Amino acid sequence: MSISVQGISKSFKGRRKGESDNQVLKDVSFEIEEGQFVCLLGPSGCGKTTTLTIVAGFQKPTEGIIEVNGNVVTKPGPDRAFMFQNYALFPWLKVGENIEYPMKKMKVPKEERKKKLKELLEMAQLTKYENYYIHEISGGMKQRVALLRALACDPKVLLMDEPTSALDPISTAKIEDLAIELKKQYTIIIVTHNMQQAVRISDKTAFFLLGEMVEFAPTDEMFSMPKDKRTEDYITGRFG
């Protein structure tokens with residue numbers, strides 16, 4: 001599915017009387033074609049995750065609109081799956097039950113659920129862990145389970161919020177390999193502050209700074225010939 005982000009801004013009301021609003025996004029616009037893999041890159045607190053949650057429909061922008069396949073979206077939908085940074089798995093359910101959970105909520109017939117579960121577990125090499133509880137598996141496995149749960153109901157868009165930030169290099173590589181494989185089937189947006197990850201897995205990169213999207217370009221082009229000096233400073237380590 002294609003995604004169009006048109007002039008979105010987001011402000012939060014001040015917590016105290018007389019306190020000014022806190023603007024966290026300022027007039028962000030970009031277009032993603034069906035099947036593209038896009039990284040939202042930038043330092044912490046620059047608006048990447050807020051942008052992702054607005055695309056997911058978890059938050060409404062203060063200004064601007066989001067379109068998916070030409071349709072304006074204002075709330076979550078089955079066409080978009082969100083993968084949380086902290087796994088957000090149910091500890092009282094086993095691995096297979098966690099993955100199967102959204103299919104149950106969508107009232108997918110049992111035979112169909114079991115078939116899909118088997119396919120997903122095989123894809124992520126987790127078949128033998130189907131009956132393990134969440135506390136019995138590693139962080140890397142938890143993130144793979146979270147990814148499989150996001151894919152369970154066959155979304156068209158996959159939204160990933162820093163899925164490897166707490167993982168070791170080997171687990172990170174496994175998640176990245178899975179993500180690269182998924183490029184064949186989904187439109188994907190991933191939030192990251194890891195430049196090497198952006199280079200390895202994405203078709204395009206959007207660089208965010210202080211709530212603004214500074215630059216949006218093919219990843220190889222951005223990293224070899226950034227158009228904005230702020231992007232260049234970030235890439236070369238001169239930022240800040």
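Hi everyone, the protein chain here has eight helices and ten strands, where helices (H or I, at least four residues) and strands (E, at least two) are DSSP runs numbered from the N terminus. This is a predicted model, in which local features need pLDDT of at least 70, side-chain atom pairs count only at pLDDT 80 or more, and totals for chains, interfaces and linings use all residues. Residues are numbered from 1 along each chain as its sequence is written, and side-chain values use heavy atoms, with hydrogens and water left out.

Let's begin with burial. Of the 240 residues in the protein chain, 49% are buried, meaning under 20% relative accessible area with a 1.4 Å probe, protein chains only.

Now, please find strand 9, residues 204-209. Five of its six residues are buried, so the rest of the structure largely encloses this strand. Which strands pair with strand 9? Strand 3, residues 37-41, runs parallel to strand 9 and is joined to it by four bridges; two strands pair if DSSP finds at least two bridges between them. Here Leu41 has Phe207 as its bridge partner. On strand 10, residues 212-218, the pairing with strand 9 is antiparallel, over six bridges, and Lys204 is partnered by Pro218. Strands 9 and 10 form a hairpin with two residues between them, and Leu210 in the turn has a positive phi of about 55°.

Next comes helix 2, residues 95-105. Its buried residues include Val95, Ile99 and Met103. The buried residues of helix 2 pack against helix 3 (110-123) and helix 4 (139-151), with contact meaning heavy atoms within 4.5 Å. Just after helix 2, Lys107 takes a positive phi of about 60°.

Definitions and conventions. Buried < 20%, exposed > 50% of the residue type's maximum accessible area, 1.4 Å probe, protein only.
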